[in-house]
Amino acid sequence: MTVHQRDWDAFMTRAEDGSVHMDLAVDGITCAACMGDIERGLARLPGMRKARVNLTSHRLAVDWDDAETPPEDILAALNRLGYTAHPFDPARARQQKDETGKRLLRALAVAGFSGMNIMLLSVSVWSGNATDITDETRDFFHWLSALIALPTVAYSGMPFFRSAWTAIRARRLNMDVPIAIGVSLAVALSLVQTIQHQHHAYFESAVMLLFFLLVGRYLDHNMRGRTQSFAENMAALRAEVAGRIAPDGSVRETPLSRIQPGDLVLVAAGERIPVDGVVEFGTSELDQSLITGETRLVPVGVGETVYAGTLNGSGSLTLKVTAASSGTFLDDVNRLLETAAQGRSAYVRIADRAAQLYAPVVHAASALTFLFWLVWGIGWQPSLVISISVLIITCPCALGLAVPAVQVVASGQLFRAGVLLNSGDAIERLAAADTIVFDKTGTLTRAEPELAEPELLSDELVRLGARLALSSRHPLAIALARAAGVREPFAATTETAGQGVETLWNGKTLRLGSPAFCGADGQEVASILSRWPGASLIAVALDGEPVRLLALHQGLRSDAREVLDHLARQGYRLEILSGDRKGAVEEIASVLPVSRWAAELTPADKIARLEALKAEGANVLMVGDGLNDAPALAAAHVSLSPVTAVHLSQAAADAVFLGERLRPVAEALALSRRARRAMEQNLWISVIYNAIAVPIAVAGFVTPLLAALAMSGSSLIVTANALRLRLGGPAIDTDPAKAGDRAASPLPPISQSA
Amino acid sequence: MDVLIFLIPIAIGLGLAGLVGFLWSLKTGQYEDLEGAKWRILDDDDLPAPGEPSDRLSS
């Protein structure tokens, strides 16, 4: 977007003292030295108050006086230093303050503080019980513990109480229900025992339980926040802006959140169309591959509807923005998406399934214990104490950590492999996948077209054509120019929108464009199209020379064959469902180990195929990028989409993978299978722990010391087992920021670890 | 055991001081960039370069 200015006011927030604040996503920060470079470089600008780089999130926050330095200068200064930066739309940035994370951390700190203090008092009581503590001192210590524990449980327990309450109101059981019951009962029982001058109180158990569980919850939240903020950076770097035409005719780059239906938007040739709209002026050709999977360019003219995500080919267009839901195709997609997403929500997480089994069993065991001791005749109050001690010792500390601990470690590993998770339970569902359905365009293939016969580039005339292509923004011309690696454009060229470019070379007319524009022979066109069924053609013509025809098609991702072979060997059933033409899909399918493929599918067709697979009992992983894939992504058991996908598809998918390669798909599957195994091991560890601890509790031998030891011990074992995932993971370069240029770096072959 | 009258308030008070300190550091955003902070301590940009005349050193 070089032709028009940004509407800066939309990106800046103004403080009371007259300075303005802007957040930018900065590309190219690789090390700590960059941080100093940027901060020092910006500090030299007049009116600069504060420039601070966040090395964790690769963001820059600047506060300055915009009367002294216009915002353009800041971007220019960053450019001179060698960094590209894009401002965040404040409407999006506001959500990044991360209130939940801070609340969890505060709750964790409070629980940690009082846990330590209560433990200090409890250890004194335990050692005193073994020696000669006086009753007064013990009561005093218990009362002090109560004084610390009660407010702590009320404050730090809030996340659990709230979640348990929501679950109960919805008539469900989740892990937080037994946690909430266990903690409240432990505190209540201890209070009663303190009042009655008893020897044992369980305050430290309740608080330590909260502390351990909060650690797990905070780590989980942090991991998710990290991948999210990385995804947000990429959204900003892709500049979700549109060139809005103001009433006075000027064009300004405006964040999408500020665009209203009815606004006029200018889309230059070669730009991606940012909004859905109706063409007001201009004609062009659109590359709709992201929307329909169709790789052929489609002509559009005044009055026709165009969709966000399509690539504008040859001419500039003025669009009138329509409301998001008015497009017929998008309507369809949205309706399908809604119904598909409802089907997905029926999935019950493994942790919640465990809770549904666990809670009734434990509560029944506790009730039976109470009845047994009552019948035995030791009186109702000691019976109640024993039955509550059963609840405390079984309180699912290990069980509560079993799944989150694995999720945290696994999502960290996935992050390193270039996979960003959208939903926490995606790991479990990925592990269950046995059938993989790929979209073709943009998923198996690269998003941009490439030359089918690169050897033609040695031809002198083709090279001239490639130089001419530098003057055009047409996607095919850009691909040709890039493939040829030419740098010197012709000085004077004229472009006929939708047809081609021409110039004079040594007194002869040189043309590049559609075969018809260059006067190519119809038979020759037919013969080359039969050789490259899915290709688009571009022609080069010079007076007196035969016309050169070049076929451009979507090339496979560099490791597509390798990865699909690997997956087929692993026993996955592979399918291709594409919206593109039959010939184009057949060409791709013939070189890949796919058991089945289908072409020219509508979004509804794709869902129908997924339903059929589901009915056969298959758990489908859908990998797709287009708008036409979005409903299928939501309908599949689990879904992945490349980072080049349209926004709607990324939102519908469970995870997004980075880079040019398909390899993260294979790694995500392998890792999630290992993670799933670790989760099951952890659940078994908790079961075994309970099998040992419950009989001791039922017999009435549990002391607070034993409860504290059992709880910490089981939590540590479960966490250590989760950390085992980090060992022997797939070897991959670890910096996620470099994921984008991975294509260039040589990588070891796919690991066989699964 | 009279010493407890001093010891316990001191122990809890020290703990509380730690808690308050942590909450303060959280509030002032010191946990927002854990990566950057460790490098910033190595940045000696605020010192004059060697050989360069400086007001602070020459006075």
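## Domains 2 and 4 of chain A

In this predicted model, the C-alpha centres of domain 2 of chain A and domain 4 of chain A lie 42 Å apart. Ten residues of domain 2 of chain A and ten residues of domain 4 of chain A take part in the contact (heavy atoms within 4.5 Å). About 930 Å² is buried between the two domains, 54% of it on carbon and sulfur atoms; buried area is the accessible area (1.4 Å probe) that two parts lose on being put together, summed over both.

Between domain 2 and domain 4 of chain A there are zero salt bridges (a side-chain nitrogen of Lys or Arg within 4 Å of a carboxyl oxygen of Asp or Glu). Three residue pairs, both residues at pLDDT 80 or more, are in polar contact across this interface. A polar contact is a pair of N or O atoms within 3.5 Å; within protein, one must be able to donate a hydrogen and the other to accept it, and residues adjacent in sequence count only if both atoms are side-chain atoms. On the domain 2 side, α13 (397-416) and α24 (663-698) of chain A each supply at least two residues, and α24(A) gives the most, with three residues. Helices (H or I, at least four residues) and strands (E, at least two) are DSSP runs, numbered from the N terminus. By class, this side has five nonpolar, one polar and four charged residues. Ala, Val, Leu, Ile, Met, Phe, Trp, Tyr, Cys and Pro count as nonpolar, Asp, Glu, Lys and Arg as charged, and the others, Gly among them, as polar.

## Chain A against chain B

Chain A puts 23 residues into the contact and chain B 19 residues. The two chains bury about 1,800 Å² between them, with 70% of it on carbon and sulfur atoms.

One salt bridge is found across the interface of chain A and chain B. A:Glu39 pairs with B:Arg40 in a salt bridge, with 2.9 Å between the closest N and O atoms. On the side of chain A that touches chain B, α1 (32-43), β4 (48-54), α4 (99-130) and α5 (135-156) of chain A each supply at least two residues. The largest share, nine residues, comes from α4(A). This side of chain A divides into 14 nonpolar, four polar and five charged residues.

## Basis of the values

Residues are numbered from 1 along each chain as its sequence is written, and chains are lettered from A in the order in which they are written. Local features need pLDDT of at least 70, side-chain atom pairs count only at pLDDT 80 or more, and totals for chains, interfaces and linings use all residues, while side-chain values use heavy atoms, with hydrogens and water left out.

Note on methods. Domain bounds come from an automatic or database domain assignment.
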